[in-house]
Amino acid sequence: MKYYIGIDLGGTNIVAGVVNENYEIIAKASTKTNCPRPANEIADDMAKMAIQAVENAKLTMDDIGWVGIGTPGIANSSTGIIEYSNNLGFENTPMVEMIQKHINKPVFIENDANAAAYGEFVAGAAKGANNAVCITLGTGVGGGIVIDGKIYSGSNFAGAELGHTVISVDGPQCSCGRKGCFEVFSSATGLIRMTKEAMEAHPESGMHALSAERGGKVSARTSFDAMRAGDATAKQVVDDYLKYLAAGITNTINIFQPDVLCIGGGVCNEGDALLVPVKELVAKEVYTRNSKKNTEIVIAKLGNDAGIIGAAFLGMAK
């Protein structure tokens, strides 16, 4: 049996996992990222977690084939340098070199959304596909593209920023500097913003009572839960959210025509309440609506493990 290490470097947590050749995580180790702090300290902790995960799996480094890292930002998989990551405060950080000071193994690096997409491709919702796109609905909208079995990251390793394609030219301001991005409307953050705006405009909405029951918190679940309870304002929020999400997915399908498009992130816990209407909307709008073969839209299967599994198999991708 062969084993590989996948490291998911996040703004909040560093998680390392030992993955076997059947794409199963057999042990993990994690610690807080504690940003902002120097990159070498973060690299030290990444290596420590990798070594700890191997010990937790009751293996030695001799059993490990290679190490893969998924990181936020622009990761140059050719040089091993994280060229820029605003979340981590990295700029031209030689992460592969830093890790290899501690672990004498081949080390591969990739953007975290690309790594998660690759995880779904090799072991999750897109397994068996030749071309796949994964869209993650979290704080932002992440994208990962696999074409002919290979991760597509563009000529400058910054490809697949699907969240920063524009849905509405004069829409709300996006943190990237543009207005009306897919991310502004379809991220969990965007859904929360639309929910709060609707609550402010409709003091009679049941979303207020629901929020009060939860300590005054408004989450991505608020509008969906209130809709299920029969609240008309909440239903309008959900309908608007699904309309924008379907528009972004339709755009993506029209460009790439993948075999499978999988949607991940916390919002996808809504399951069929999200998937069924989105599929109906996309089917009406997609350019190939009269084609005999269309993209299959599915919910991602691997959850938070996608990034670890995808990172662990970057050596195979490269």
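1. Start with Gln-173. Setting aside neighbours within four places in sequence, Gln-173 is in contact with Arg-178, Lys-179 and Val-184. The residue sits in the loop between strand 11 and helix 4. Take Val-184 from that contact list. Gln-173 and Val-184 are 11 residues apart in sequence, and their C-alpha atoms are 7.5 Å apart in space. Keep in mind throughout that this is a predicted model.

2. Stay in that loop for Phe-157. Phe-157 also belongs to the stretch between strand 11 (150–151) and helix 4 (182–186). Its phi is positive, about 65 degrees, although Phe-157 is not a glycine. Is Phe-157 buried or exposed? Its relative accessibility is 18%, so it counts as buried. The cut-off for buried is under 20%.

3. Now the overall build. The protein chain has 11 helices and 13 strands. Its C-alpha atoms fill a box of roughly 60 × 50 × 35 Å along the principal axes.

4. Next, burial and contacts across the chain. Of the 318 residues, 50% count as buried. Take the contacts between residues at least 6 apart in sequence: 62% of them join residues at least 24 apart. The protein chain exposes about 14,600 Å². Carbon and sulfur atoms supply 48% of that area.

5. Charges come next. The protein chain has 27 positive side chains and 34 negative ones. The centres of the two sets lie 3 Å apart.

6. Look at the aromatic rings. How many aromatic pairs does the structure hold? There are six. One of them joins Tyr-23 and Phe-313, with ring centres 4.6 Å apart. Their planes stand at 50 degrees, so this pair is tilted. Stacked would need planes under 30 degrees apart, and edge-to-face over 60.

7. That pair links distant parts of the chain. Tyr-23 is in the loop between strand 2 (13–20) and strand 3 (25–32). Phe-313 is in the loop between helix 10 (306–312) and helix 11 (314–317). The two are 290 residues apart. Which other rings join them? Ring pairs link Tyr-4, Tyr-23, Trp-66, Phe-108 and Phe-313 into a cluster.

8. Compare the cover on the two partners. Phe-313 is buried, with a relative accessible area of 4%. Tyr-23 is partly exposed, at 22%. The backbone of Tyr-23 deserves a look too. Tyr-23 has a positive phi of about 65 degrees although it is not a glycine.

9. Cys-35 and Pro-36 are joined by a cis peptide bond, with omega about -5 degrees. Pro-36 lies in the loop between strand 3 and helix 1 (39–56).

10. Then move to Thr-71, in strand 4 (residues 64–71). Its relative accessible area is 0%, so Thr-71 is buried. What does Thr-71 contact, leaving aside neighbours within four places in sequence? The partners are Leu-9, Ile-82, Leu-88, Ile-109, Glu-110, Asn-111 and Asp-112.

11. Met-98 is another buried residue, with 17% relative accessibility. Met-98 lies in helix 2 (residues 95–100). Not counting residues up to four places away in sequence, Met-98 touches Ala-39, Asn-40, Ala-43 and Thr-93.

12. Finish with Lys-243. Lys-243 lies in helix 8 (residues 232–256). Its relative accessibility is 44%, so Lys-243 counts as partly exposed. Exposed would need over 50%. Lys-243 and Val-282 are 39 residues apart along the chain. Their C-alpha atoms are separated by 9.2 Å.

Note on methods:
Residues numbered from 1 in each chain as written. Predicted model: local features only at pLDDT ≥ 70, side-chain atom pairs only at ≥ 80, totals over all residues. Heavy atoms only, no water. Helix = DSSP H or I, 4+ residues; strand = E, 2+ residues; numbered from the N terminus. Buried < 20%, exposed > 50% of the residue type's maximum accessible area, 1.4 Å probe, protein only. Contact = heavy atoms within 4.5 Å. Areas by Shrake-Rupley, 256 points an atom, 1.4 Å probe, with all protein chains shown as cover. Lys, Arg positive; Asp, Glu negative; His and termini not counted. Charge placed at Lys NZ, Arg CZ, Asp CG, Glu CD. Phe/Tyr/Trp six-rings, centres within 6.5 Å; stacked < 30°, edge-to-face > 60°.
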